[in-house]
Amino acid sequence: MSVSSTSLYEPLAPSTTVSLKILVTGGFGVGKTTLVSSISEITPLTTEAEMTQAGAGVDEGLELRPDKTTTTVAFDFGRISIDEEIVLYLFGAPGQERFHALWERLCQGAVGAVVLVDTRDVESSFAALDRVERAGLPHLVAHNPFGDEDRRWSLEEIRTSLDLDPGTPLLRCDARDPAQVGTALAELVLHRQHMLEGTTVR
Amino acid sequence: MMDPDVPDGLYMVVGGRSGTTLRPDPFSLVITERADTSELSLEEADIVRICGRPISPAELGARLNIPLGAVTILLADLLDRGHITLRAAGALGPLETSVPPADDRRLLEKLRVGLINLSV
């Protein structure tokens, strides 16, 4: 494990002094990894964290390897250098209850969360939505449409089916499109700014 | 007492350390403060070299293929010995002193404008 050059590591600018982070969450196969990939300046990376709680199952961007005492969870992340000072890390994490400890640690100090939903399986979005709500994490809901059928759902229908709070921003966002992802993330930041100012958001 | 984040097999990599007072946030930034690697293990020396430019613990773990729990402990030790320092002002937990970055109005505005500029 010798390191001959730091250029292999796609380093940040030396002037970078602040990191901010945003969680991307949602149900199984909803496009979390796609969203991170589409806007990240680096090929998304995966890191492993160990969990003491046993679990089983496979989710997108997530691999479980049970052994006698720990379970390894892999989570994906990417990054965007915003300017000479700020880097934004985007990380995907599943909404399942069994990842509670890791989830809490990753989300502490986050700007907020993007909850991706897909109308083919609205139910699976509830767990993720419920968690960010309970954590008090500022969030918006982004509908990632899969095909024409999915686009027939109006945002109002989605808002109703998810029983979303009127203050929670909801928008459509093709997770493959960097421009739409950038807009969604900017909306989330605006939502946090509004919450900080204590004003009612839309 | 074993750190619950570190399975037995990693005990060697982290030099037997198991208890740390500081757990850097996975997405905080670390940077080298003292580049002298003469008394460091191979893993520690790699970290000190890579941290010549700012990098997050999560990214370090991914690049070096070391699980996050072990990276956190290696970093805590290097912090204690003055080899590296943490840059992000707020994402620290125990050392948190000022406004967390995610509550800093100036930073949020720069972030929002930067994201809008990315999308046009």
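Okay, let's start where the two chains meet: 48 residues of chain B are in contact with 42 residues of chain A. Keep in mind that this is a predicted model. On the chain B side, four helices each put in at least two residues: α1 (42-50), α2 (57-64), α3 (68-80) and α4 (105-119). Which helix gives the largest share of that side? That's α4(B), with eleven residues. And if you sort the side of chain B that touches chain A by class, you get 27 nonpolar, eight polar and 13 charged residues.

Now let's step back and look at chain B as a whole. Its secondary structure comes to four helices and two strands. Walk along the sequence and the pattern reads β-α-α-α-β-α. Chain B has 120 residues, and 48% of them are buried. Here's another way to look at the fold: take the contacts in chain B between residues at least 6 apart in sequence, and 64% of those join residues at least 24 apart.

Let's zoom in on two of those helices. First up, α2(B). Seven of its eight residues are buried, so α2(B) is largely enclosed by the rest of the structure. If you want to click through them, the buried ones are P57(B), A58(B), E59(B), L60(B), G61(B), A62(B) and R63(B). Notice that a glutamate and an arginine are on that list. Just after the helix, have a look at N65(B), which takes a positive phi of about 60°.

Next along is α3(B). Why say that this helix is largely enclosed by the rest of the structure? Because eleven of its 13 residues are buried. They run from L68(B), G69(B), A70(B), V71(B) and T72(B) through I73(B), L74(B), L75(B) and A76(B) to D77(B) and L78(B). At 1.5 Å a residue, the 13 residues of α3(B) should span 18 Å, and the end C-alpha atoms are 18 Å apart, so the two agree. Just after α3(B) there's another positive phi, about 80° this time, at G82(B).

So how do these two helices sit against each other? The axes of α2(B) and α3(B) come within 9 Å and cross at roughly 115°. The crossing is right-handed. From α2(B), the residues that meet the other helix are P57(B), A58(B), L60(B) and G61(B), and on the α3(B) side they find L68(B), V71(B), T72(B) and L75(B). By class, that contact has six nonpolar residues, two polar and no charged.

Last stop, over in chain A: strand β1, residues 18-26. Buried or exposed? Mostly covered, with nine of its nine residues buried. In a regular strand, the side chains alternate between the two faces of the sheet. Here, V18(A), L20(A), I22(A), V24(A) and G26(A) point one way, while S19(A), K21(A), L23(A) and T25(A) point the other.

β1(A) pairs in the parallel sense with β5, residues 86-92 of chain A, over seven bridges.

Note on methods
Residues are numbered from 1 along each chain as its sequence is written. Chains are lettered from A and ligands numbered from 1 in the order in which they are written. This is a predicted model: local features need pLDDT of at least 70, side-chain atom pairs count only at pLDDT 80 or more; totals for chains, interfaces and linings use all residues. Two residues are in contact if their C-beta atoms, placed from the backbone, lie within 7 Å. Ala, Val, Leu, Ile, Met, Phe, Trp, Tyr, Cys and Pro count as nonpolar, Asp, Glu, Lys and Arg as charged, and the others, Gly among them, as polar. A residue is buried if 20 or more other C-beta atoms lie within 10 Å of its own, exposed if 12 or fewer, and partly exposed in between; C-beta atoms are placed from the backbone. Two strands pair if DSSP finds at least two bridges between them. Axes are lines fitted to C-alpha atoms, for helices over the stretch in contact, and angles run from 0 to 180 degrees between N-to-C directions. A crossing is left-handed if the near helix is turned anticlockwise from the far one by less than a right angle, and right-handed if clockwise. The expected span of a helix is 1.5 Å times one less than its number of residues.
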